[in-house]
Structure formats: C-alpha cells, structure tokens
Amino acid sequence: MAANAQDVWQAARAVGTTLSRPPMTETADLDSRPSIAAVPDPAKGRAREAGENADSDIEEAVFSLDGVTVRYGDLAAVQGVTLDIAPNQITALIGPSGCGKSTLIRSLNRMNDLIPEARVEGSITYHGIDLYGKDVDPVEVRRRVGMVFQKPNPFPKSIYDNVAFGPRVNGSPKGDLAEIVERSLRQAALWDEVKDKLRQSAMALSGGQQQRLCIARALAVSPDVILMDEPCSALDPISTARIEDLMDELKSDYTIVIVTHNMQQAARVSQRTAFFTTEVDDAGRRCGTLVEYDDTDSIFTSPGDKRTEDYITGRFG
Ligand SMILES: Nc1ncnc2c1ncn2[C@@H]1O[C@H](COP(=O)(O)OP(=O)(O)OP(=O)(O)O)[C@@H](O)[C@H]1O
Ligand SMILES: [Mg+2]
C-alpha cells in the first residue's frame, strides 16, 4: 500500500513531532507554555486507577467538552457537544456518515488546526486545562494525544524507523531507541511477527500488521490518550479481532476514543458510547449533534432515545 504525501504529513503530526509549525498557532510563545506542561504526564508515572465502572459519574475526566461546535467556514459540522471522556476506558463515537465523528475526534488533539477553515467553539479541557488555550503547544498535545487513522499509513521507511520516528524527532537519546521500538512493538502485539525483519520496509507488511505498526508508532511517544478513527475498517476479521484485543489490553494504561461504524465492535470493546446523528435545520443545513451518551450496555440494551434505538438496530443509517 503506497503512502501518499498527505498521509505521511498527517501521520507525522499525529505522532507529535515538530516538523513545522501548524497553522493557527502563531500566537503561541514557544518558550512560555505552562498550560499543557502543568498536566501531570502519565508517561512519567502518574498513578491512575483503572476506571472499570462505567455506571459511576466520570471523575477526573481526561477530556471535558462543553458546548463544542466545530465549523468549516460558516457551516457547523457538529454542534453543541457536551460530554466527558473517562480515563482508562474505551469511549466509542458512533453515528451515520457525515454526523461529525471524525471532526469531533480531531478536535481532541487539535488536528483540526491543520485544516485552515476549521474552527472549534465552546470549551474542551484536557485534565482540566483549556486544550485551545493560547499557551498550549499543539505539538505537545499531539504527543500526549496520539491518533490512528482509518487507512494504515506507515511511512515509506523500515519498520524500525517508523516506530523510532517520533522519539527521534522528540530528541530521545539514540541508546534508548531500540528499547522504545521493542516495547512499542510488543505493546502493539506485533513484535513476534517483525522482530527478525525490523530493517525491512514497513510497506511490505500486511494491512493488519501495518495498522498495528501505526499503533506502535503512536505508543512510541508515550501518549496518554489514543484516538482511533475507524481503525479496523480496512482490515479483515482476524486482524480486526487482534486490534480489538489489543485495545482491551491498552486501556489499562491509556485512554482510548474510537470512531466506529461497526456496532458489534462498539458493543464489544467500549465502556461508554456516544451516539451522534445529523439534523437538518429549517434552511436545509445539515449538522451533527450528540443524541445520547451513556455506558455502552445501556446504549445497546435500553437506549433512551428512539433515534439511538433505530440506529443500533439497523433501521436507520
Ligand atoms: N475539511 C473539511 N472541509 C469542509 N467540510 C468538511 C471537512 N471535513 C469534513 N467536512 C464536513 O463536515 C461534516 C462532518 O464530516 P465528518 O468527516 O466529521 O463526518 P463523519 O461522521 O466522520 O462521517 P463518516 O462516518 O463518513 O466518516 C460533513 O458534512 C463533511 O462534509
Ligand atoms: Mg469519519
């Protein structure tokens, strides 16, 4: 599978590198960014409790969204979203095509900054810090909040260099790289398959292996959160099952937000589910809106809104 320039560009930013300044960050003073740095870095040993109980109210939310609207130009793609994302859980975003799932998930690591006409309104806090505060460094945000895309997008480099890419750019000492690469590949359940061919091109891996490599690449910069936008939609059922198992293991160390069109997948892997739909206003403008957000069992067994029920039972969307 060939990586195109856009994919590589997007992925380079998704692993929290500093290749160039993204647009819309011109006000930030590079030397005085206390905000995100003030958030305890889980990679440096912040103690956390595994949040298994999705019934309880979310305490110490990783993200708190309050009245979030994302526009492209004048048009709102998704509007008025208020929800909290719990630590050490998998939160699924579901809903019909075009309801703004990708738009919303991109707002959680400021990937929308890279789309010039995109504007985020409302409030998004990350561990209580305003994610869009002018002192927040979006590159550091993307190191802490990694992203895995629908289509596996390895760089046209060796397996080793793909995983080492982010740590290298972030200045990890050379001596630590081999250890980081091995740890990340093990975490991504790929080590056994590639340990004897680390110097071979990543492009020669299967699609499922490439996606696990992209997960390893995201893990290599020691993130706090991993965002996944339909990570399995290009994969066969066996590769999908491997990624789902992997997500289940990763949640004890990371917070995961996943966009999926696969209802079974949302039901299998997530602890909380947010259902979005598209509403059409009097002027015929379409806009995504959050219908219901609850623990996954409730959403799938006793949804509170007919639109959710219709969607998950396949009557709509
Ligand atoms: N870069 C962009 N510029 C302008 N409009 C955009 C852009 N990206 C998305 N949109 C619009 O925003 C709306 C939401 O798109 P988005 O990709 O977030 O939906 P989605 O829920 O992820 O859909 P799908 O399930 O098909 O991936 C759509 O109307 C889309 O056309
Ligand atoms: Mg999408």
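Student: How do the residues of the shell around ligand 1 divide into nonpolar, polar and charged?

Tutor: In this predicted model, the shell has six polar, four nonpolar and two charged residues. Lys101 and Glu117 belong to the shell, and Lys and Glu count as charged. Gly98, Gly100 and Gly288 are also around ligand 1; they are placed with the polar residues because Gly is counted there.

Student: Which helix gives the largest share of the shell around ligand 1?

Tutor: Helix H3, residues 101-107, supplies three residues, the largest share. Lys101, Ser102 and Thr103 are listed around the ligand.

Student: What residues meet where H8 and H9 are in contact?

Tutor: On the H8 side they are Gly207, Gly208, Gln211, Arg212 and Ile215; on the H9 side, Ser239, Arg242, Ile243 and Leu246. By class, this contact has four polar, three nonpolar and two charged residues.

Student: What makes E5 and E6 edge strands?

Tutor: Ten strands form an open sheet, in the order E5-E4-E1-E2-E10-E9-E3-E8-E7-E6, with mixed pairing. Strand E5 (129-130) and strand E6 (145-148) each pair on one side only, and they are the edge strands.

Student: How do you know that E7 and E8 pair, and in which direction do they run?

Tutor: A pair needs at least two bridges. Strand E7 (residues 225-229) is joined to strand E8 (residues 255-259) by five bridges, so the two count as paired. They run parallel. One of the bridges links Ile226 to Ile256 in E8.

Student: Which classes of residue make up the contact of H5 with H6?

Tutor: Helix H5 (residues 159-169) and helix H6 (residues 174-187) cross at roughly 115°, with axes that come within 9 Å. Tyr160, Val163, Ala164, Pro167 and Arg168 in H5 meet Leu177, Ile180, Val181, Ser184 and Leu185 in H6. These residues divide into eight nonpolar, one polar and one charged.

Terms used. Residues numbered from 1 in each chain as written. Chains lettered and ligands numbered in written order. Predicted model: local features only at pLDDT ≥ 70, side-chain atom pairs only at ≥ 80, totals over all residues. Contact = placed C-beta atoms within 7 Å. Helix = DSSP H or I, 4+ residues; strand = E, 2+ residues; numbered from the N terminus. Near = placed C-beta within 6 Å. Axes fitted to C-alpha atoms, helices over the stretch in contact; angles between N-to-C directions.
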